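Please keep the sequence and the 3D view at hand while reading.

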Amino acid sequence: MGSIHPISSLIREANQIFLQMGFTFVSGPLLESEHYNFDVLNVPKDHPARDMQDTFYIKDTPEYVLRTHTSPVQVRYMEKQIKKGVQPPYRVIVPGKAFRNEATDMTHEVEFTQIEGLVVGEDISLANLKGTLEIFFRSLFKGAQVEIRFRPSFFPFVEPGVEVDMRLVGDGVPEKLKDKWMEMMGAGMVHPSVLKNAGVDPKKYQGFAFGMGLDRLAMLKWGIDDVRYMHSADLRFINQF
Amino acid sequence: MADALTFHAFEIDGVEKVGNDDVLDVKVTPNRGHDALSHRGIAKELSAILKLPLANDPFAVRPLLAPVTTDVSVELSSKLCKRYIAGYIKGVKVGPSPEWLKTRLEAVGQRSINNVVDATNFVMFNIGQPLHAFDAGKLGSLKIGVRAAKDGEVMVALDKKSYTLNGSMLVITAADAPVGIAGVKGGMPAAINETTKDIVIESANFNGVSVRKTAQALKLRTDASTRFEQVLSPEVAAHGMQAVAALIVELAGGELAGFVDVYPELQKPMFANVTVEKINTVLGTALTGADIADTFARLGFAYKEEVGVFEVQAPFERLDISIPEDLIEEVARITGYDKIPSTPLDEARGKPPVNPNFYAAEKAREELVAKGYSEVYTSVFADKGERMVLNKVDSVRPYLRDSLLPGLADALAKNKVNKDLLGLKEVKLFEIGTVWKGGKELVTLGTVSEKPARPDDSGRSGGEKASEKVLEPIDATKYETLPLSTATRFEPFSKYPYIVRDIAMWVPSTTNEQQVQQTIKEGAGELAHKVMLFDRFEKAGKTSLAYRIIFQSFDRTLTEGEVNQSMANLSAILVDKGFEIR
């Protein structure tokens, strides 16, 4: 028997958990237009995120980038639903690759995997985000008690925006993770302009979104000390999973 | 304080001890650069969070810029400057700053220059308004202007470097000669030094995007430009001028001749409305009107409440407040995110559809894993391909791959040398990944294995077998429940090469074979990383056991000599047990 990649295993598990909560698995292109990667997500033209050092631009294809996050799929998905005449509620996850043009080290990779979550409805709240993430982490870290906490943060495509920390308490938690607050993801309530850009009426609907790094989650779950193993194609790593 | 800020406002990057004091390094979010890149801004936050009124708010009273002087004139020729205040002080005595000022500036990583320059920096850090002081005598004229630079216009800045400007940049001029790059840096010719007598202070408001582009183009980011590019309220300029003029007169003496304030279009008041109901639906809370009113009062927001509707006017410096959601965020963070309950989503309506691409990928994974293939992720960046990345930091492999196979071939070569260590007879790999080919983005499935499937494949280099095909979606009504990784913890592995030795022996058929393996593991010493039984047969009441031992160290490359020594020790132990080494 061979092994699947640990990130593939995590995506499989995430899909199993979120499926139970009614989420649809969707995907989108890696080579993405600036329109979807930035404009519709409320990232203004002169925002530092558009600086050359962070984003990979493509030669002879102006206005295209390697997507810097999985968030463009939020708007792609909503647009498609609206075009089909399907109004919210929506519940989707978007596991997939994203890219940042930076130097690599033990905790930074140019290519990484994220999971995006989006829930839109008439009364979806920040409390629902907390509840949903608690269920996810509780299932993922079986047997552990999970605590979630929010800290204020800023991402142009959510308002309010939060940083999500998670802590595992109780028995059955690996000693290294026990009782320690860990920064897991950025999240928040979908910015009304993002809903509007996707054709969803922000007066009627609201929702939450989150974007979590799966490489980091894998590192925490299995005690992996270097993110560069993920793309090392080294079976000394992969065959352990 | 760090906790108060962390959970209600901003992340803290560090707390550093400086003398008897602590310096907080606050990571101000980009939406709050308008008001919070200053000590006053942070103090205001703390005051709202901790419910402690500010003892002295520099923004509390509208500044009176009096007297007005006619000695200096200001002319704005660009809309990119929303306000320009010049302050004229005569007869200053430039010298070293007092200790308290030096200490404070040094605590925030600034170098003390002289009392006048230090005063402008102090006020900037204090209330967030960038300021600049010109030597009035060296300006050559007190006719100050703000205009677009001319293409090719050259100015030597305070860093003594010469900058070539263009028409998209804004300059400050004296009698039309450039004396400063607006919002970025002052010019060398009018620098303050010990000979300076009269000074003109600038407290202005420049367009954020313009300053940002200029600073980028000139590769000259300064404390001033980082503040202007966040967009500041033109109202702050008046507070900055009043504070700096007072401080300079206090530190360097001189006589305030007066101010000139050119402010063509007043900042409009900012109103936003939100209902109690909307706040509670978005946050999932049960806050009352009184809770919400408390938040606004603590933040110093003017508000009116009528039948559950709040009409809020944000203070002039809070340019981030414009829509109801902005107010909701203020309520959430000031009352505290810990007050937000955890509420699971309602039961989902209907069953989510199956993603045909993910379904196909999962099916392929299971089939290949059963055949002994392991899944790798390799880089999308390649030596060749149809599309090229413009700006790769390390500039190696700048193309987007058009096939998975070269990456898989590299991976195969890399893993082949570890076959014994991995306990594999043959290395077999697969990847499900994105390629860019024929003008399209495709997800393909690539496989590679060491041995050719058919003898006629053996002509290929290394005799490998490789294949790649587009992963075709599969429609399904439900997902299979596939196995997850059962690993609990990742075991680090040595990055040093390993040495393999085999040992075979006859043992009596009554021997406990597990014990033998244990004996070998111990007998081979601590350098023995792994022991595997690879052959076993029985003959004439005896059993032949053959073991493969992998020697490897975590901290060095082993020598043949030391491995031979370990094997000799092991043989002696086994012979001692009465086993017959073959």
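Two strands count as paired if DSSP finds at least two bridges between them. Helices (H or I, at least four residues) and strands (E, at least two) are DSSP runs, numbered from the N terminus.

The model is a predicted one, in which local features need pLDDT of at least 70 and side-chain atom pairs count only at pLDDT 80 or more, while totals for chains, interfaces and linings use all residues. Residues are numbered from 1 along each chain as its sequence is written, chains are lettered from A and ligands numbered from 1 in the order in which they are written, and side-chain values use heavy atoms, with hydrogens and water left out.

**The sheet of chain A**

- Seven strands of chain A form an open sheet of mixed pairing, in the order β1-β4-β5-β9-β8-β7-β6.
- The edges are held by β1 (24-25) and β6 (145-153) of chain A; each has a single partner strand, so one side of each is left without a neighbour in the sheet.
- β6(A) runs antiparallel to strand β7 (residues 158-169) of chain A, and nine bridges join the two.
- Helix α1 (residues 6-20) of chain A packs on the sheet, with contacts (heavy atoms within 4.5 Å) to β1, β4 (90-99), β5 (111-121) and β9 (206-213) of chain A.
- The direction of α1 of chain A makes about 10° with that of β5(A); axes are lines fitted to C-alpha atoms, for helices over the stretch in contact, and angles run from 0 to 180 degrees between N-to-C directions.
- Helix α3 (residues 72-83) of chain A also packs on this sheet, touching β4, β5, β8 (182-190) and β9 of chain A, and its direction makes about 140° with that of β4(A).

**The interface of chains A and B**

- In chain B, 88 residues are in contact with 96 residues of chain A.
- The buried area between the chains is about 7,800 Å², of which carbon and sulfur atoms give 59%; this is the accessible area (1.4 Å probe) that two parts lose on being put together, summed over both.
- B:Leu345, B:Tyr377 and B:Phe490 supply 11% of the area that chain B buries against chain A, more than any other three residues.
- Three salt bridges are counted between chain B and chain A, each being a side-chain nitrogen of Lys or Arg within 4 Å of a carboxyl oxygen of Asp or Glu.
- A:Arg151 forms a salt bridge with B:Glu11 (3.7 Å, N to O).
- A:Arg12 forms a salt bridge with B:Glu362, their closest N and O atoms being 2.6 Å apart.
- A:Arg12 lies in helix α1 of chain A and B:Glu362 in helix α12 of chain B, so this pair joins two chains.

**Strands in chain B**

- Strands β21 (residues 428-437) and β22 (residues 440-449) of chain B pair in the antiparallel sense over 10 bridges, with B:Trp436 opposite B:Glu441 in β22(B).
- Two residues lie between the strands of this hairpin, in which B:Gly438 takes a positive phi near 60°.
- β22(B) also pairs in the antiparallel sense with strand β23 (residues 465-470) of chain B, over six bridges; B:Ala466 in β23(B) is the bridge partner of B:Val448.
- Three strands of chain B form an open antiparallel sheet in the order β14-β16-β15.
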